[in-house]
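Here's a quick tour for anyone meeting this structure for the first time. Have a look at it, then read on for a couple of spots worth a visit.

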Amino acid sequence: MARAQRPIYLDYAATTPVDPRVIDRMAGFLGVEGLFANPSSVTHAPGRAARAAVEEARHEVAALIGARDREVYFTSGATESNNLAWRGLAASRRDRGCHLVTSRIEHASVLDTARALEAEGFRVTYVPCNREGRVEPERVREALTPETLLCSVMHVNNETGVIQDIAAIGGLCRDRGIPFHVDAVQSAGKLPIDLSELPVDLMSFSAHKVYGPKGIGALYVRHDPGLVLEPLIRGGGQERGLRAGTLATHQIVGLGTAFRIAREEGEADAARIRQLRDALWERLSRLDQVHLNGGGAPRACGHLSASFNAVNGESLIFFLGNLAVAQGSACSSARGEPSHVLQAMGLSPGEAESTLRITLGRFTTPEEIEIAAERIIQAYTRLAAIAPGSGRRHAG
Amino acid sequence: MSAAGLPVILETSGSAQFEFWASNLERAGRLAPDTPGLVEGRAGHAGAGGEVEFTLSIRSDRIEAVRYRFRGSPWIGAACAFYARLLEGQPASVRWPPAAELAGQLGYPRVRYDEVLIVEDALMAALAARREVCDE
């Protein structure tokens, strides 16, 4: 089987290339001719100009999500945002209880933080999902107690693309006065988010999933005097004391520009990407023993998680050559463990290991999808034919 | 998880030797049931690390043909391809490099060594089956 050389990137859920318009904008904040000054140095004009650029970016982030500018805090990325939401709230509300609620299918940055808090004496309830990967609001309701300090459920799952009903879950939390945190890394710029309407108190974002640079993200904190977070990083008092450290102007401007483009073009992008994704699945679904994970649930436009049950996913990826797809999330595949998300959905470890996560994005072309479909079909058919017992399941 | 309970870091690329053997499916498949001197052996389980099946044609104490089928990682596939090529044309009593030695030769990461054992087990099962046939 020839291993083709042309790289085709279909791992947009792991990260996206930076949009050229974002790169252009960022470049103006680095060199001696640019706005490189420290945005906290407001005693001089360059510093004030950098500050203005930071605030403009803050406005762009707020505009995409229906928030007020002062509710947006810049962080180093979604992992820090998730840590800040969880640890910041747990620390500030320790006297009110010690119980936290989340789902079994969260990103590692939430689950690892939850486990660390358990080791420190907090109690965490991990709500299961159903076979389609949906966290049922009723299961969340059962988990909430008067001792619950925080409930945290992701908007779009990073492996399956399944969309959670955050309006319903947030409503349950709000009725009980429990802060609700949402990891919106995979949904920002792909789904409409209006935090002026949604019952959400904390929301995490990342730039590099939305065609912005790595190393920058944001945390939305609803403006409410009762909602106080203890900072994780202390120092110069930046970000109104919640997140110290010199503001990375070029990164922040990159985030703001990426979010502005998402606000202006996200809907059209989503429609085109969904069409390509569905065309790819239409081809792959004709294969024997191939199953779409989360196929019965609403899903984000670019995600396609499919189990190729007659073969091993790692071998399938090997024979796809330079087609860049994932077996699970980038984080879980680095650990070499079957996906916790797929196993929570009821897949066996073997089925989870047979799964590819294919995620499309802004720069995916119809030609690339055609080539990807051909390569996957060819590799799968060949590997399935040489699997033990294949004579019983497959012709020749 | 590793024995120490630490996450195992996957090595997703190997040596040029590994790449060569993993992509070489020349002997992948199964010998026809009516092949003279046919023996077969299996090891492993698809849901637990991998599954391998060898079919060998052995006549006059010589391995005339080897085919294999597998469901598992490319590391398993590479070891199958290597052993199949190595054994074809050899006396049935040939001594092949043990799994750990082969893994070292092909530049496998340490965490992948165990997977070659499945391949070796399947080969040994096939040759044991031949001895049973001869003993009857």
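## What comes after helix 2 of chain B

Let's start with Gly89(B), which follows helix 2 of chain B and has a positive phi, near 90°. Keep in mind that this is a predicted model.

## The helix itself

Helix 2 of chain B covers residues 74–87, which makes 14 residues. From its first C-alpha to its last, helix 2 reaches 20 Å, close to the 20 Å expected at 1.5 Å a residue.

So how much of helix 2 of chain B is buried? The count is 12 of its 14 residues, so the helix is largely enclosed by the rest of the structure. Among the buried ones are Pro74(B), Trp75(B) and Ile76(B) at one end of the list, plus Phe82(B), Tyr83(B) and Leu87(B).

## A three-stranded sheet in chain A

Over in chain A, three strands make an open sheet in the order 9-10-12, with antiparallel pairing. Strand 9 (290–292) and strand 12 (355–359) sit at the edges with a single partner strand each, so one side of each has no neighbour in the sheet. On average, neighbouring strands here are turned by 25° against each other, direction ignored.

Strand 10 (residues 303–308) and strand 12 of chain A are joined by five bridges and run antiparallel. For one pairing to look up, take Ser307(A): its bridge partner in strand 12 is Thr355(A).

## A helix on the sheet

Helix 7 of chain A (residues 249–284) packs on this sheet and touches strand 9, strand 10 and strand 12. The direction of helix 7 makes about 10° with that of strand 10 of chain A.

Methods: Residues are numbered from 1 along each chain as its sequence is written. Chains are lettered from A and ligands numbered from 1 in the order in which they are written. This is a predicted model: local features need pLDDT of at least 70, side-chain atom pairs count only at pLDDT 80 or more; totals for chains, interfaces and linings use all residues. Helices (H or I, at least four residues) and strands (E, at least two) are DSSP runs, numbered from the N terminus. The expected span of a helix is 1.5 Å times one less than its number of residues. A residue is buried if 20 or more other C-beta atoms lie within 10 Å of its own, exposed if 12 or fewer, and partly exposed in between; C-beta atoms are placed from the backbone. Two strands pair if DSSP finds at least two bridges between them. Axes are lines fitted to C-alpha atoms, for helices over the stretch in contact, and angles run from 0 to 180 degrees between N-to-C directions. Two residues are in contact if their C-beta atoms, placed from the backbone, lie within 7 Å.
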